[in-house]
Amino acid sequence: MKVLDFTKETDELENKLIKLGFHYQNTDRMESDGLYISSRLIITWANFTNGVTLQIIHTYDRYGDETNGYLKITDNCTNASVNMSVEEFMELERITNSHGTTFPRPEIFSERITNEN
């Protein structure tokens with residue numbers, strides 16, 4: 001039986017991705033070919049509005065132990081990408097794409113003016 005549960009809490013990384021406007025896309029698993037390529041789990045998130053793709057990549061040794069985890073952020077227009085650790089990503093406050101668009105936009109606070117006559 002499958003259950004959809006909106007009360008399930010997200011982790012800190014997912015909250016950060018959502019705050020930056022990313023949407024979950026898919027999860028892919030690449031199995032090891034034995035000697036040369038390690039197994040990988042790749043979780044892809046995209047920010048369509050700003051043309052940026054983010055992949056969370058977990059690599060595993062032949063025994064199934066995680067050996068490395070990192071993020072790859074790619075500008076979809078130029079295909080330029082940057083790899084960084086989860087810790088480095090968590091420190092980011094904004095991302096600027098190749099078109100010069102920064103997201104998320106700074107929050108603008110406005111006071112509500114009431115007429116008290």
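Me: Quick one to start. Arg 29: buried or exposed?
Reply: Arg 29 counts as exposed, because its relative accessibility is 51%. Exposed means over 50% relative accessible area, buried means under 20%, and partly exposed is in between (1.4 Å probe, protein chains only).

Me: What sort of model is this, and how are the residues numbered?
Reply: This is a predicted model, with residues numbered from 1 along each chain as its sequence is written. Local features need pLDDT of at least 70 and side-chain atom pairs count only at pLDDT 80 or more, while totals for chains, interfaces and linings use all residues; side-chain values use heavy atoms, leaving out hydrogens and water.

Me: Back to Arg 29. Which residue forms a salt bridge with Arg 29?
Reply: Glu 31 does, and the closest N and O atoms are 4.0 Å apart. A salt bridge here is a side-chain nitrogen of Lys or Arg within 4 Å of a carboxyl oxygen of Asp or Glu.

Me: And Glu 31, buried or exposed?
Reply: Glu 31 counts as exposed, because its relative accessibility is 55%.

Me: How many salt bridges does a search of the whole structure find?
Reply: One.

Me: New topic. How many helices and strands are in the protein chain?
Reply: Two helices and seven strands. Their order from the N terminus is α-β-β-β-β-β-α-β-β. Both kinds are DSSP runs, numbered from the N terminus: helices are H or I with at least four residues, strands are E with at least two.

Me: How much of the protein chain do buried residues make up?
Reply: Buried residues account for 27% of the 117 residues.

Me: Aromatics next. How many aromatic pairs does a search of the whole structure find?
Reply: Two aromatic pairs. One joins Phe 22 and Phe 103: ring centres 6.1 Å apart, planes at 65°, so the pair is edge-to-face. The cut-offs: rings of Phe, Tyr and Trp (its six-membered ring) pair if their centres lie within 6.5 Å; planes under 30 degrees apart count as stacked, over 60 as edge-to-face and the rest as tilted.

Me: Where do Phe 22 and Phe 103 sit?
Reply: Phe 22 is in the loop between helix H1 (12-19) and strand E1 (23-30), and Phe 103 is in strand E7 (residues 102-103). The pair links distant parts of the chain, 81 residues apart. Phe 22 and Phe 103 are buried.

Me: What about Tyr 24 and Trp 45?
Reply: Tyr 24 and Trp 45 form an edge-to-face pair, 5.9 Å centre to centre with 80° between the planes. Tyr 24 is in strand E1 and Trp 45 in strand E2 (residues 39-47), so the pair ties together parts that are 21 residues apart in sequence. Trp 45 is buried at 9% relative accessible area, whereas Tyr 24 is partly exposed at 42%.

Me: Switching to Val 52. What does Val 52 touch?
Reply: Leaving out residues up to four places away in sequence, Val 52 touches Phe 22, Ala 46, Asn 47, Ile 73, Thr 74, Asn 76, Asn 97 and Phe 103. Contact means heavy atoms within 4.5 Å. Val 52 is in strand E3 (residues 52-60). Val 52 counts as buried, because its relative accessibility is 3%.

Me: Last topic. What volume has the largest pocket?
Reply: About 160 Å³. Volume is the space filled by probe spheres set on the points, and grid points are joined across faces, edges and corners.

Me: Which residues lie nearest the centre of the largest pocket?
Reply: Ile 73, Asp 75, Val 82, Ile 95 and Thr 96, out of 13 lining residues. Strands E4 (66-75), E5 (81-84) and E6 (95-96) are the elements that give two or more residues to the lining.

Methods: 1 Å grid on protein atoms, 1.4 Å probe; cavity = no way out; pocket = protein on both sides within 12 Å on 5 of 7 lines; lining within 4 Å.
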